[in-house]
Amino acid sequence: MKTKPDLGFWKLWNLSFGFFGVQIAYALQSANVSRIFATIGADPHDLSYFWVLPPLMGLLVQPIVGTMSDRTWNRFGRRLPYLIVGALVAVLVMCLLPNAGSFGLGISSAIIIGLIALMLLDTSINMAMQPFKMLVGDMVNEKQKGLAYSIQSFLCNAGSVVGFVFPFVLAWVGIKSTAPNGVVPDSVIWSFYLGAAILMICVIYSLVKIKEWPPQVYAEYNGEPKKEGKKEKTNFVQLLKKAPSTFWTVSLVQFFCWFGFLFMWTYTTGTVATNAFDTPVLDKVDGITDGSNTVAGKYILINDTLPIVENGHKLVAGVMQGADFLPASTIVNAKGDTIVKSGKVVYGENGASAEIGKEFAAAGETVTLDGTPVTLNAPAKVTDYLSTLSGAVKFSKGQSVARDHNTGKIEVMEKEDVNIPDVKAASYETHKDLDTSSKQYNAAGDWVGILFAVQAMGSVLWAIVLPRFRSRKFSYALSLVLGGIGFILSGVITNQYLLFIPFVLIGCGWAAMLAWPFTIVTNSLKGGNIGAYLGLFNGSITIPQIVAAVTGGWILSACSVPGEIAPQYIMMIIAGVALIMGAVCVSFIKEGAADEKPVETPAFSEDI
């Protein structure tokens, strides 16, 4: 078997450059998925369930792509065909996912579109990312692998930083960072568009610059003779039975680590919005009841025509001026800020807001109601439809609607009619939730991207420090403890700038999670089927995330007070405890003496 030749720096760079674009897509997904679904209208208790799909697709796709690429030889190469397919699908889906709430559909339909887009996006990211992991193993000699993974680590973290900060930067340059209820802001949508464009450029560059070895040359350098016709079947069960004990002990550590990080991706936006940005809290409507009759639904209409509740939000009927009612669907306050538009409470350019039932203007001020200036003779407050009704009323309820884009009229789907004899005795059944259309919530969402970028930069710096420790296991455990402390602090700190500290600590844990598991496990593997084993080891990343996603809603509900805002900060504290438990489990890993020496193997990203 020949020794692989040394490659020049730029050839090593080209082998991993596409990772930059793929990682931008991954960063946009991880930082914005919860924000997108919360904006569409998902309940915070349900957010973790949407995160089942990404790790589930990774669990299914990574072993298949790894194994199939071990056996693929065609005119496009061995690994690159999977990059082409994965990148093309990713580009298309990146243009769809942030627009899930922009088609005028009901919350249920919008969430279904978003889920399909998320499933396809994560599948394609997994397909596009796997080839770069394999190319280094295929074409780089042992002496240069440290440098190759250093380059891959740099491109990985650079892509993460770019993807994380895109929404914040676009908002800073003037792209709108707020939108109507149920619609994702333009700053997020254009971030995905730009990410898709960069991904396509990186893939084209990779296809032009990377020339994979043909089968004969590959066999000369990797010691795997070319097989004509007959293909050896790989049995995943047998591979797992033969896996070294290190494979399993590292997987135990991985379980606690990735369990915790799934909670970070799911609940950071809600935590930061509540703790550091004073995001307004709304009463989200679950239904209307008079004690004996209940109208339960996200959409409620009067007499099949007039919506009074849309997607869980009370619609505004007008203004109460003292004891007088002034009907209006659009209201502009004395400062010129639009506070109600088309019956929905909105936030003005200067951050002015209105809350149903609370005074927003004093006597003598001039407000504009449906375009007509009105000078108030008494203090005024915004009022809802239910407060203006009396007598017997027929309500139509449902969980989704069809909307006529020409007239704006909505029709409740699968509706059910309920008559309330005396609506004066009726009241809303509500629960408290963050106002995801507010400037504060969207500013928090943009800031989360900055915090994740700080985490990525902290990871880069800590990755430089890691090889300097004499004991790999000690550095692994220490890093996880630091990350756990960071998670706990992130759940209690209320200053947006002080949050940099915990996210730097989280970056320490992230660096070790990406460096040492791969290094320790690959050092314990012997023989072929490296692609298959790396795909199987991805299960130690995806399975704990699936467990966290399935149990997250139940845990959050158990920690919540019925009707009150979900305490998402508690999930960050639980994530911190999980990382510290992972640090304890590092002691179970058994390595040989040679493996305990410091090695120069910086982190590179494993996809979820």
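Which helices each supply at least two residues of the nonpolar patch? The first legend below takes this up; the model shown in every view is predicted.

**View 1. A nonpolar surface patch on helices α4 and α5.** Helices α4 (80-96) and α5 (107-139) each supply at least two residues of the patch. The patch is made by V85, V89, I112, I116 and L120 and covers about 380 Å². Helix α5 gives the largest share, 3 residues. I116 counts as partly exposed because its relative accessibility is 43%.

View 2. Strand β3 covers residues 299-302. Y299 and L301 point one way from this strand, I300 and I302 point the other way, and all are buried. β3 pairs with strand β15 (residues 393-398) in the antiparallel sense, over 4 bridges. In this pairing I302 stands opposite F395 of β15. With strand β4 (residues 306-310), β3 pairs in the antiparallel sense over 3 bridges. Here the bridge partner of L301 is P307 in β4.

**View 3. An open sheet in the order β7-β6-β14-β11.** The sheet is formed by 4 strands, and the pairing is antiparallel. β7 (324-327) and β11 (359-361) stand at the edges with a single partner strand each, so one side of each has no neighbour in the sheet. On average, neighbouring strands of this sheet are turned by 40° against each other, direction ignored. Strand β6 (residues 316-321) pairs with β7 in the antiparallel sense over 4 bridges. G318 stands opposite P327 in β7. In general, strands of a sheet pair through backbone hydrogen bonds, either parallel or antiparallel.

View 4. The structure holds 29 aromatic pairs. Among them, F247 and W248 form an edge-to-face pair, 5.2 Å centre to centre with 75° between the planes. F247 counts as buried because its relative accessibility is 2%, whereas W248 is partly exposed, with a relative accessible area of 44%. F261 and W265 form a tilted pair, 6.1 Å centre to centre with 55° between the planes. These two residues are 4 apart in helix α10 (residues 245-275), so about one helical turn separates F261 from W265. Both F261 and W265 are buried. One aromatic cluster is formed by F9, W10, W13, F17, F20, F154 and Y205.

**View 5. Positive phi angles in two loops.** S342 has a positive phi of about 55° although it is not a glycine. S342 lies in the loop between β9 (338-341) and β10 (344-345). With a relative accessible area of 56%, S342 is exposed. D370 is also a residue other than glycine with a positive phi, near 50°. The loop that holds D370 lies between β12 (366-369) and β13 (372-375). D370 is partly exposed, its relative accessible area being 44%.

**View 6. The salt bridge between D446 and R35.** The count of salt bridges comes to 4. In one of them D446 pairs with R35, and the closest N and O atoms are 2.9 Å apart. D446 lies in helix α11 (residues 439-465) and R35 in helix α1 (residues 9-40), so the pair ties together parts that are 411 residues apart in sequence. D446 is buried, with a relative accessible area of 4%. R35 is buried as well, with a relative accessible area of 2%.

**View 7. Salt bridges between strands.** D283 forms a salt bridge with K432, the closest N and O atoms being 3.1 Å apart. Strand β1 (residues 281-289) holds D283 and strand β19 (residues 427-434) holds K432, so this pair ties together parts that are 149 residues apart in sequence. D283 counts as partly exposed at 33% relative accessibility, and K432 is partly exposed with a relative accessible area of 31%. A further salt bridge joins K344 and E310, whose closest N and O atoms are 3.4 Å apart. K344 lies in strand β10 and E310 in strand β4, so parts that are 34 residues apart in sequence are tied together. K344 is partly exposed, with a relative accessible area of 22%, whereas E310 is buried, with a relative accessible area of 10%.

Terms used
Residues are numbered from 1 along each chain as its sequence is written. This is a predicted model: local features need pLDDT of at least 70, side-chain atom pairs count only at pLDDT 80 or more; totals for chains, interfaces and linings use all residues. Side-chain values use heavy atoms; hydrogens and water are left out. Buried means under 20% relative accessible area, exposed over 50%, partly exposed in between (1.4 Å probe, protein chains only). Two strands pair if DSSP finds at least two bridges between them. Patches are made of residues with over 30% relative accessible area and no salt bridge: like charges are joined within 9 Å, nonpolar side chains (Val, Leu, Ile, Met, Phe, Trp, Tyr) within 5 Å. Accessible areas come from the Shrake-Rupley method with a 1.4 Å probe; for residues, only the protein chains shown count as cover. A salt bridge is a side-chain nitrogen of Lys or Arg within 4 Å of a carboxyl oxygen of Asp or Glu. Axes are lines fitted to C-alpha atoms, for helices over the stretch in contact, and angles run from 0 to 180 degrees between N-to-C directions. Rings of Phe, Tyr and Trp (its six-membered ring) pair if their centres lie within 6.5 Å; planes under 30 degrees apart count as stacked, over 60 as edge-to-face and the rest as tilted.
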